[in-house]
Structures are given as structure tokens and as C-alpha cells.
Amino acid sequence: MTPPLATTPATVTLTRIRLNRNSRDVRRDLARSTSLHKTVMLLAPEGLGDNPRQKAGLLFRLDQATHHTPPTLLIQSQLLPDFSRLPHAYGTTETRDLTPMFQALATGRSVRYRITANASTRRKVLDGDPFFDTRPRHKDIPLYGDDALAWWQRKAAHAGLTPTTTDLTPGGAFRSPATKKQTSDSAPHIFRHILTRFDGVATITDPSQLRHALLAGIGRGKPYGAGLLTLAPA
């Protein structure tokens, strides 16, 4: 389905936080995806009501440490982030305005891209006795290798991109807490997500679709660090 036309908000910023691994808060967040999500949400203004992440336009990605750089947190927001709410000595922050990038999107332009995504497919399953319980259930099945690559190629096409090169880097797994109520004697229902990083070069085929994908994110697991697409000149 073609996404609706997206207009660029008045403010879109990309923040880079080079994390301080000596910080207890950082070590906690690196170990628990739910804790990292809560820290990222501190950057959003209070009082947004339901779905504050969507209203703030918050997407984020954790890039792992290399030989030359510490772990780095990238956060995209459509509202100005409030860094005063971050834990003390959490890391060094840099912010840039993404307006020039959005203005430069043009059909035929070549770009470098990166996205860490939850490449998966949703299948219908039946819980309980299949004779009596015919209510449909869905299960997310993680994709790997060529299946993950095919998933990204489909998503990229819907996002107005045609990849010419793609490198896959298997990432970590995270578990998101259940949203359904549990009985007191039942174990919490936990959804497991597998992250894969896609890097490469692509050609822009539809700037409007690409703008929508940049603002909304791609795939599932956005509250836990999946779906942020970043671009740079090729």
C-alpha cells in the first residue's frame, strides 16, 4: 500500500550521543532494551498523553562500539530534545538539523543508508485446542540471511529506495514486555525480536515515500531501537 504523502515537520533533529561506558546508567541501558527505551523517552516533553513516542516523532538506534568509537546512540525527533533530563555523565551529545537533508531528497540521487531493523514475518497460529479455539493468533518469525535481505529489498522499495549494495550485520536480540494482561499465575508473555543492520548504497526513486519512511521508521520494534533509517551523500 502506498504511504500517505508526508510533509516535513518544522523541526526534525538527529542527536548523536557518544555513550560514557563508565556510567552506571549507560551500562544498565546497554544491558536492557526496556531501560534504554525509558532513557530515550526522557528527551521527549512531558504531557504528550497517549503514544508519546509517536507524537514526539522519536526513533533511535544503538550503534555498537568499534576500535575507535564508544557505543553511540542516534535519536531522531520532531520535537526539540531536552538533554537536561538525561542521567548525569551519560555521554557527549551533538545535534544537527535534518531540514537540509529532507530538502535534498530527489529522484535519481544516490545515497548511503543504514538501518537496524527487526526483519521478520508475521504468521497466523492457533493457540489451545484447534478444534474448540479457532481464534486467529499471530507470531513474529525472525528472518536471516537471504530472507532478511529480501525483506529489506521489499521495505526499501516501499520506502522509495532501490538498493544497489547491501551489507548485513546480525545484531542482538531484545525482548519487549507484553501488552496483554496476564493472570497472576501465568508467566509474562514476552515477544522476542532479532535485529539486523543493513548498510549500503541506494538510489532514490520516490522522495515522498522516502520522506514518509524517514519520519515514521520502518518495520516493527521501533520503541526498542529498530526502524531508524539514516542517509548520507554517496
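## Confidence along the chain

Residues 178-189 are a stretch to read with care: pLDDT stays under 50 there, and the model gives them 6 contacts beyond four places in sequence. Residues 1-5 also stay under 50, again with 6 such contacts. This is a predicted model, with a mean pLDDT of 86 for the protein and 82% of residues at 70 or more.

Looking at the elements, strand E5 (residues 110-117) comes out highest with a mean pLDDT of 98, while strand E7 (residues 136-142) sits lowest at 73.

## Two nonpolar cores

The largest nonpolar core counts 31 residues, and Trp152, Phe198, Leu229 and Leu231 have the most contacts inside it. At least two residues each come from helix H4 (99-104), E5, helix H5 (145-158), strand E9 (191-204), helix H6 (207-216) and strand E10 (229-233). Apart from that core lies another one of 15 residues, including Leu36, Val40, Leu43 and Leu58.

Back to Leu229: leaving out residues up to four places away in sequence, Leu229 touches Tyr113, Arg114, Ile115, Trp152, Leu161, Leu210, Leu214 and Ile218.

The model has 3 aromatic pairs. One of them joins Tyr113 and Trp152 in a tilted arrangement, 5.3 Å centre to centre with 40° between the planes. The pair bridges distant parts of the chain, since Tyr113 belongs to strand E5 and Trp152 to helix H5, 39 residues apart.

Both partners are tucked away: Tyr113 is buried at 3% relative accessible area, and Trp152 is buried at 0%. Tyr113, Trp151, Trp152 and Phe198 together make up one aromatic cluster.

Methods:
Residues are numbered from 1 along each chain as its sequence is written. This is a predicted model: local features need pLDDT of at least 70, side-chain atom pairs count only at pLDDT 80 or more; totals for chains, interfaces and linings use all residues. Side-chain values use heavy atoms; hydrogens and water are left out. pLDDT is the predictor's confidence in each residue, from 0 to 100. Helices (H or I, at least four residues) and strands (E, at least two) are DSSP runs, numbered from the N terminus. Contact means heavy atoms within 4.5 Å. A nonpolar core is a set of buried Ala, Val, Leu, Ile, Met, Phe, Trp, Tyr and Cys residues joined through side-chain atoms within 4.5 Å. Buried means under 20% relative accessible area, exposed over 50%, partly exposed in between (1.4 Å probe, protein chains only). Rings of Phe, Tyr and Trp (its six-membered ring) pair if their centres lie within 6.5 Å; planes under 30 degrees apart count as stacked, over 60 as edge-to-face and the rest as tilted.
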